[in-house]
Amino acid sequence: MTAMTLSLAMAAGSAQALTLYTAGPGSLAKKLAAGYEKQTGVKVDVFQATTGKVMARLEAEQANPRADVLISASWDTATDLEQRGWLLEYQSPNAEQVPAQFKTPYYVAQGISALGIVWNTKSGTTEPKDWGDLAKPEFKDKVTTPDPSLSGASLDLLIGLQNAHAQQAWKLFEDLKANGMIIAGPNAQALTPVLQGAKAAVFGAVDYVSYGSVQDGESVKVIFPSSGTVIAPRPMMILKSSQQQKEAKAFIDYALSPEGQKLVADAWLMPARTDIDAKRPLFKTLKLLPEASQASASRKDVLERFAKLFGQQ
Amino acid sequence: MNRNAFLPGVTGIALLLLVAVPVAFVVLQAVFPHLDTGSYSAPFSTFTRVFAEPSLQALFATTLKVGLGVALCSALIGVPLGALRGLFALPGAVLWDVVFLIPFLIPPYIAALSWMLALQTNGYVQQLLPWLHLNDFLFSLPGMVAVMTLNVFPVVYFAVSRSMAASGSRLADVARIHGAGPWRAFIRITLPMALPAMASSLLLAFTLSIEEYGVPGALGSRSGILMLTTGIEQRLADWPIDMPGAAVLSLLLVAIALCAYSVQRAVLAGKNVESMTGKPADVTQKSLAGWTLPVMALFTVVAFIAVALPIVSTLVTAFSGTLSGGLTLSNFTLRHFGNLFAAHSDALGALSTSLSLALGTALIAGATGFLASWLVVARKIRGAALIDGLSLFPATLPGIVVGVGLILAWNRSFWPVTPYNTWGILLLSYCCLLLPYPVRYVSAALKQIGGNLDAAARVHGATAAQALRMILLPLVFPSLLASMMMVFAVASRELVTSLLLSPAGVQTVSVYVWRQFEQGSVGDGMAMASIAVLLSLTLMLIAFRLQQRQTS
């Protein structure tokens, strides 16, 4: 009986529901979906996973596309999809308050995260100040890092470090590897052992996950390294294959509305709009890594080199 | 279609849809890498490519090592305990059976996550026993083998104890009367009698462990150890994807499983010493005498490690405010259970989705399995071998392969309608995976009934369908119901195909728990896990009782 009710509900719902594929906080996606549904009456089906999995699903469904709106955690993935010609051009009126660096004709940031070191204050180690501190003997076998092939933001950090420091960056990764740093799945999976104290710090953690843990009372601290870090704007885009472009545009509008941006800020992300407040440091106050002097490193090369260094291939 | 062909027709179509279609597409995609563009070019080129990859050897070797390791360790735990339970009058024997049923009921991925929280540096165990360092052991191949063994060894325990109880002691007594010492009687009589059961249960342990995704998925990512299952998932679900590669690896995994399965069949053929007569065996179990205490201590230790520790770890996490707060009373909270019921939480949706899907699966797999075994055992129709083969084949199919097959089969533009991206695809995958349960249970029950009753009904003018409904169904109903409850319990927590196939907006219990771990809400995940384990425990115990009542 339940199964039948379920099937009927789904058959009815799927007729006009909007499909959202999103990386990053599932609770935020759920709240945005609920707020949007309340406003427009259109139901949103959410598929939430890591950037790698979301992109894989998009690719697998190429013959039969399902997603209407995509929110990725990596700016590069949006650039890539635009080049493939998969995206619909759309400028939301609500994007006016979004700084130019966080929008293009095809996609716009939903919010922005920054990468940093997350350190367990009860771990008995001294507070790290810069990336290089994690390669010191004190942190021997005590560091985790998210898998850049799964986490878009983590990959952005690798690219950022390589762009800024070139060969020096790879020297750092080698030192970290020699110091026993392990790769531990996507973002939160790198954080969990640090929470329990199995490890002392995460190299390149996405900040919003950790702010959430701090709020829950976990004894960890988010540290933005003194030499600079990268911010990861999270691009929102509409797929050209979408059958519901009107609803998809309305969803982007909602996510960029003051109400939507408030939800983004509540999830400990920096809002994309400059006129919305947040309870955490904003990107203007963060020291960022210098821009690349020449062409940016290709994501594929960086990933392969990193995977080889850490023996994943 | 005439009336006589209706039931075989329906059963055949169901089996084709559930089993043959996904398998066929895995084979097709493996052979023709450009199938998705409708082209049959470059056949077999993926095999060459995948076999040339240097990582393949490691994948293959790890999978075999884990399978053999789990089989060996399960033997080390399961055979002695099973022998003691089968041959001696153990205090609280039935209670021990129930206790050792539990590890088999805790979904392996939940067990693995619990072990991680218990054993990693500064985990629960180290918080209590600071000198005990098991972190490096857990995140290694032996650690993965240990966690899987603790889940799987009951298979061996039950097979060995039942087989020894049924046949071992009486003949051994005869040997003792003729002058053999107790050890000699055990080695020469009891052990050989139990060998087929032992061998087949060890092979089952091997198959279960090479098919496992949750444990290597949870522990392997931190130790950098890939098995075939996790390797397939990576190719399929991480960007950039490699469908043909995933299909080839799937075939490789099925090949290993099929080998193990055929060895198992060969070992069992004609040597089944378990009595299927339904007559109560005259069991005379010896007293343990002075050994009672040590034996009880042994059972207690195993039960503590395999059952109590992972469950306690799950519960402690579910009731802990923060992970960094550790094991203190002030860290106690009900917040995580509250979160499950909070607004915008997917938890209740996930629970009702899982329960609805499990109910649907139990009904469909039960009906299909019942019809299939009836056609094969009682009606002995033409094509029985094919129906039998198709309905039992999924026993050798790893969940991940069924998932791959369903994606490859249904995510195509040429179908006018497709279950892909609806909850229907999950129903298809669960039904396929769990079909062998009702088939096995019902076949066994039908074999005990014999043909007389059916024939008598037919002589008195009943049609085949009437005889089926009014004579056979009531007789095998307890077995069918028990198997359906088993199906329900397993389906309500299935992980790997749910991860691969859940469409947008649909979450199952397993996906919910997995995603909470991915997102750092470990407590919420474990709160859901506790509810899921409690639920499947209750159901399985009911099924166990039904089954007991029928066989005794």
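The following conversation goes through a predicted model, with its chain B and the contact of chain B with chain A.

User: What should I know before I start reading?
Analyst: This is a predicted model, in which local features need pLDDT of at least 70 and side-chain atom pairs count only at pLDDT 80 or more, while totals for chains, interfaces and linings use all residues. Residues are numbered from 1 along each chain as its sequence is written, chains are lettered from A and ligands numbered from 1 in the order in which they are written, and side-chain values use heavy atoms, with hydrogens and water left out.

User: How many helices and strands are in chain B?
Analyst: Chain B has 24 helices and two strands. Helices (H or I, at least four residues) and strands (E, at least two) are DSSP runs, numbered from the N terminus.

User: And how much of chain B is buried?
Analyst: Of the 552 residues in chain B, 56% are buried, where buried means under 20% relative accessible area with a 1.4 Å probe, protein chains only.

User: Which residues does Ser313(B) touch?
Analyst: Leaving out residues up to four places away in sequence, Ser313(B) touches Ser114(B), Leu117(B), Ala118(B) and Tyr124(B); contact means heavy atoms within 4.5 Å. Ser313(B) belongs to helix α13 (residues 292-318) of chain B. A polar atom of its side chain lies 2.8 Å from the backbone oxygen of Ser114(B).

User: Is Ser313(B) buried or exposed?
Analyst: Ser313(B) is buried, and its relative accessible area is 3%.

User: Changing topic: how many residues of chain B are in contact with chain A?
Analyst: On the chain B side there are 48 residues, in contact with 56 residues of chain A. The area buried between the two chains is about 4,400 Å², and carbon and sulfur atoms give 52% of this area. Buried area is the accessible area (1.4 Å probe) that two parts lose on being put together, summed over both.

User: What about salt bridges between chain B and chain A?
Analyst: The count is four. A salt bridge is a side-chain nitrogen of Lys or Arg within 4 Å of a carboxyl oxygen of Asp or Glu. One of them joins the side chains of Lys53(A) and Glu233(B), at 3.4 Å from N to O.

User: Where in chain A is Lys53(A), and why is that helix called enclosed?
Analyst: Lys53(A) is among the buried residues of α3(A). Helix α3 (residues 51-60) of chain A has ten of its ten residues buried, so it is largely enclosed by the rest of the structure.

Definitions and conventions:
Buried means under 20% relative accessible area, exposed over 50%, partly exposed in between (1.4 Å probe, protein chains only). A polar contact is a pair of N or O atoms within 3.5 Å; within protein, one must be able to donate a hydrogen and the other to accept it, and residues adjacent in sequence count only if both atoms are side-chain atoms.
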